[in-house]
Amino acid sequence: MTGSTAASFTADDYRARMERAARTAADAGLAGLLVAPGPDLVWLTGYTPPAVTERLTLLILAAGQDPVLVVPALEAPDAHRAAGAAALTLRDWTDGKDPYAATAALLDTSGRFGISDNAWALHLLALQQAMPGSSYASLTEALPMLRAVKDAAELDLMAAAGAAADATFEEIRDVPFAGRPESEVAADLDRLLRRHGHEQVDFTIVASGPNGANPHHEAGDRVIARGDMVVLDFGGLRDGYGSDTSRTVHVGEPTDEERRVHDIVREAQEAGFRAVRPGAACQDVDRAAREVIAAAGYGEYFIHRTGHGIGVTTHEPPYMIEGEEQPLVPGMCFSVEPGIYLPGRFGVRIEDIVTVTEDGGRRLNTTARELVIVE
């Protein structure tokens, strides 16, 4: 059931992305963009190098210039097969040559460039040495919204990834929980995500009882018991686009307090969703969800932002957090995931991926947000 993003997009799609990125960089006062192997390179060109090594691979984008991909000669055949290869010029270099001098010859040596967050220091320092007058800013700093707004084809892939995560939850709620270690349930989540088309699983959080009070708990050998609240948070990439959903289940009948806390988080998640609309600030989503939890007396136990962007990675800008005034734009996709975490006792989190529409928001996860009882 797995697929390939290369089959989903054409060279014209990648050409349009590279042209838009170059224009956006110019509008931001940059001489261009330097894109190393990683999610930005995949999104812009469809190319994933066969291995990330010490050899320089770098996409060069600048307004008014054809895109150039600098690649090691031994990897050039792979680059030529990339879905976006027809939209760019390949410049290969052989071992024993100086790739940084060759790259500098293609650039404004006194310019300021946006560079991939995950570019190796080895390469950045060598470029600075080759171009002493140059300066750099991370892409997240310089162009935080570069990949934030998805087109119709991307939204279809995001929706399919969300549906696969939903199908995973519908199946996991029927597996035994009591008497099994968290790690076994996490392995079930991994298996189900892959069965439903994920080629990559990024996380399978299974946080039972007091472990639920740790938002990023890694599933371990704690044996799940009757009476436990269990936070499930799982996702990854399906056809190159991300899923991420959280539901909180209970093993056997919950206490009145556990039901009340879960209801508060569900109400907060709904309030965050209702705040999604074009022109609203990212922080408005956080404020709406946080206000519900604070009003119920649990404000100090909501210890993380309300959401994060998602696309070709499972965490990326924009972020739904106080102080983020970036306005929401149709096509943005992000999580809405408030939680309450009571140290030493239990935690609750409910998360959907939401996309901004022309008049509000649309959930990409549609499984029940009510408290689910498992055995």
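Helices (H or I, at least four residues) and strands (E, at least two) are DSSP runs, numbered from the N terminus. By that numbering, Asp239 sits in the loop between strand E8 (229-238) and strand E9 (241-242). This is a predicted model, in which local features need pLDDT of at least 70, side-chain atom pairs count only at pLDDT 80 or more, and totals for chains, interfaces and linings use all residues. Residues are numbered from 1 along each chain as its sequence is written, and side-chain values use heavy atoms, with hydrogens and water left out.

**Confidence**

- The protein chain has a mean pLDDT of 95 (pLDDT is the predictor's confidence in each residue, from 0 to 100), and 98% of its residues reach 70 or more.
- Residues 1-7 have pLDDT below 50, and this stretch has 16 contacts in the model beyond near neighbours in sequence; contact means heavy atoms within 4.5 Å.
- Where pLDDT is low, the predicted coordinates should not be read in detail.

**Backbone geometry**

- Asp239 is not a glycine, yet its phi is positive, at about 50°.
- Asp239 counts as buried because its relative accessibility is 12%; buried means under 20% relative accessible area, exposed over 50%, and partly exposed in between (1.4 Å probe, protein chains only).
- A cis peptide bond leads from Pro317 to Pro318, with omega near 5°.
- Pro318 belongs to strand E12 (residues 316-320).

**Parallel strands and crossover**

- Strand E1 (32-35) runs parallel to strand E5 (residues 112-115), and 3 bridges join them; two strands pair if DSSP finds at least two bridges between them.
- Leu33 has Gly114 as its bridge partner in E5.
- E5 also runs parallel to strand E6 (residues 135-138), joined by 4 bridges, and here Gly114 stands opposite Ala137.
- Between E5 and E6 the chain passes through helix H6 (residues 121-130), giving a right-handed β-α-β crossover; right-handed means that, with the strands pointing away from the viewer, the path from the first strand over the helix to the second runs clockwise.

**Nonpolar cores**

- The largest nonpolar core has 37 residues, of which Leu33, Leu44, Leu59, Leu61 and Leu69 touch the most other members; such a core is a set of buried Ala, Val, Leu, Ile, Met, Phe, Trp, Tyr and Cys residues joined through side-chain atoms within 4.5 Å.
- Elements supplying at least two residues each to this core include helix H2 (11-27), helix H3 (39-45), strand E2 (58-61) and strand E3 (68-72).
- H2 provides the largest share of this core, 5 residues.
- Leu33 is in contact with Ala21, Ala25, Leu59, Ile60, Leu61, Gly114, Leu139 and Leu143, leaving aside neighbours within four places in sequence.
- A second, separate core of 20 residues includes Ala165, Leu189, Leu192 and Leu232.

**Tyr14**

- Tyr14 is a residue of helix H2, and it counts as buried because its relative accessible area is 1%.
- The C-alpha atoms of Tyr14 and Leu88 are 9.3 Å apart, while the two residues are 74 apart in sequence.

**Lys150**

- Lys150 occupies the loop between helix H7 (139-142) and helix H8 (152-172).
- With a relative accessibility of 6%, Lys150 counts as buried.
- The Lys150 side chain reaches the backbone oxygen of Arg147 at 3.0 Å; a polar contact is a pair of N or O atoms within 3.5 Å, where within protein one must be able to donate a hydrogen and the other to accept it, and residues adjacent in sequence count only if both atoms are side-chain atoms.
- Not counting residues up to four places away in sequence, Lys150 touches Leu155, Ile310, Gly311, Glu316, Gly331 and Cys333.
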